[in-house]
Amino acid sequence: MADKVRQLLDEIATDAPVKKLKAESQPSTSNIFNFIPTLANPFESRIKDLLKNLDYLAEQKDVLELKNETRVGKEIRVSSKPLERLPTSYLVDAYGIFGRDNDKDEMIKTLLSNNGSSNQTPIISIVGLGGMGKTTFAKLVYNHNMIKEHFELKSWVYVSEYFDVVGLTKAILKSFNSSADGEDLNLLQHELQHILTRKKYFLVLDDIWNGNAERWEQVLLPFNHGSSGSKIIVTTREKEVAYHVLK
Ligand SMILES: Nc1ncnc2c1ncn2[C@@H]1O[C@H](COP(=O)(O)OP(=O)(O)O)[C@@H](O)[C@H]1O
Ligand SMILES: [Mg+2]
């Protein structure tokens with residue numbers, strides 16, 4: 001669109017002096033053509049087309065809610081409000097969930113396997129765009145009968161966007177029914193370690209967004225004291241975050 005306008009303006013600019021010369025050299029008689037609009041102004045129909053296109057674009061802008069005030073630098077945001085992140089729980093209405101049977105079987109097989117000889121608990125990450133069904137899939141697995149029977153401890157933690165190590169440790173402790181008192185990370189981690197020691201546990205950390213590798217390493221320290229066969233699932237929209245957690 002902008003290119004078309006620019007081209008038209010260029011043409012008008014180069015055409016105008018020629019017209020002027022012609023008008024000066026052929027007075028009176030040629031002026032009659034000025035009364036026939038299309039012949040008098042060869043650009044008119046093209047200008048009209050461009051204006052029509054502009055009107056259409058302006059209309060679409062309103063339909064798509066591309067409001068002028070949301071322009072920030074070169075960036076245009078479709079909505080001024082970022083997508084809201086809602087906390088999740090493990091409850092799920094399995095009715096109406098489609099097409100996850102194969103993935104579910106495979107995930108359950110992985111969760112039930114006991115191939116870990118190292119003392120590090122395996123972390124399985126589910127990565128995908130928002131709305132792809134990561135949380136729903138994790139819930140299906142979490143609530144599966146075989147999973148319920150297999151693990152001694154099970155917990156679901158929704159990770160808020162701006163988590164700190166103490167806050168998240170407390171949230172995890174609470175999910176294991178601990179009172180999680182105080183702010184001392186040492187004590188909190190000790191308590192978590194105590195809860196998990198020699199237990200086969202299964203933890204879901206839902207919708208983690210940020211945090212560098214160091215921070216995650218710290219959060220996950222107490223988790224290496226469970227019994228072998230323990231598993232952690234994380235869901236995230238960001239591949240990099242999954243790498244940080246898995247490091
Ligand atoms: N397999 C599925 N079949 C039908 N609906 C689904 C399925 N997976 C997810 N949904 C629906 O899609 C929406 C987004 O799913 P959600 O699990 O919250 O995505 P994510 O966690 O990846 O952002 C929810 O309303 C959920 O009920
Ligand atoms: Mg989710």
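## Ligand 1 contacts

An oxygen atom of ligand 1 sits 2.7 Å from a polar backbone atom of Gly131. The model is predicted. Met132 places a backbone N or O atom 3.2 Å from an oxygen atom of ligand 1. Thr136 uses its side chain: a polar atom there is 2.5 Å from an oxygen atom of ligand 1. The protein buries 61% of the 550 Å² that ligand 1 exposes when taken alone.

The surrounding residues are Gly96, Ile97, Phe98, Arg100, Leu129, Gly130, Gly131, Met132, Gly133, Lys134, Thr135 and Thr136. By class, this shell holds six polar, four nonpolar and two charged residues.

## Aromatic pairs

The whole structure contains five aromatic pairs. Tyr142 and Phe202 form a tilted pair, because their ring centres are 5.8 Å apart and their planes meet at 35°. Tyr142 belongs to helix H5 (residues 134-142) and Phe202 to strand E5 (residues 201-208), so the pair ties together parts 60 residues apart in sequence. Both Tyr142 and Phe202 are buried.

Phe163 and Trp216 have ring centres 4.9 Å apart and planes at 50°, so this pair is tilted. It links distant parts of the chain, 53 residues apart. Phe163 lies in the loop between strand E4 (153-158) and helix H7 (165-175), and Trp216 in helix H9 (residues 213-220). Phe163 is buried, at 4% relative accessibility. Trp216 is buried too, with a relative accessible area of 0%.

## Cluster and charges over rings

Tyr142, Phe151, Trp156 and Phe202 make up one aromatic cluster. Lys154 lies over the face of Tyr142, 3.6 Å from the ring centre. Arg215 lies over the face of Phe163, at 4.6 Å from the ring centre.

Notes. Residues are numbered from 1 along each chain as its sequence is written. Chains are lettered from A and ligands numbered from 1 in the order in which they are written. This is a predicted model: local features need pLDDT of at least 70, side-chain atom pairs count only at pLDDT 80 or more; totals for chains, interfaces and linings use all residues. Side-chain values use heavy atoms; hydrogens and water are left out. A residue is near a molecule or strand if one of its heavy atoms lies within 4 Å of it. A polar contact is a pair of N or O atoms within 3.5 Å; within protein, one must be able to donate a hydrogen and the other to accept it, and residues adjacent in sequence count only if both atoms are side-chain atoms. Accessible areas come from the Shrake-Rupley method with a 1.4 Å probe; for residues, only the protein chains shown count as cover. Ala, Val, Leu, Ile, Met, Phe, Trp, Tyr, Cys and Pro count as nonpolar, Asp, Glu, Lys and Arg as charged, and the others, Gly among them, as polar. Rings of Phe, Tyr and Trp (its six-membered ring) pair if their centres lie within 6.5 Å; planes under 30 degrees apart count as stacked, over 60 as edge-to-face and the rest as tilted. Helices (H or I, at least four residues) and strands (E, at least two) are DSSP runs, numbered from the N terminus. Buried means under 20% relative accessible area, exposed over 50%, partly exposed in between (1.4 Å probe, protein chains only). A charge sits over a ring if NZ of Lys or CZ of Arg is within 6 Å of the ring centre and within 35 degrees of the ring normal.
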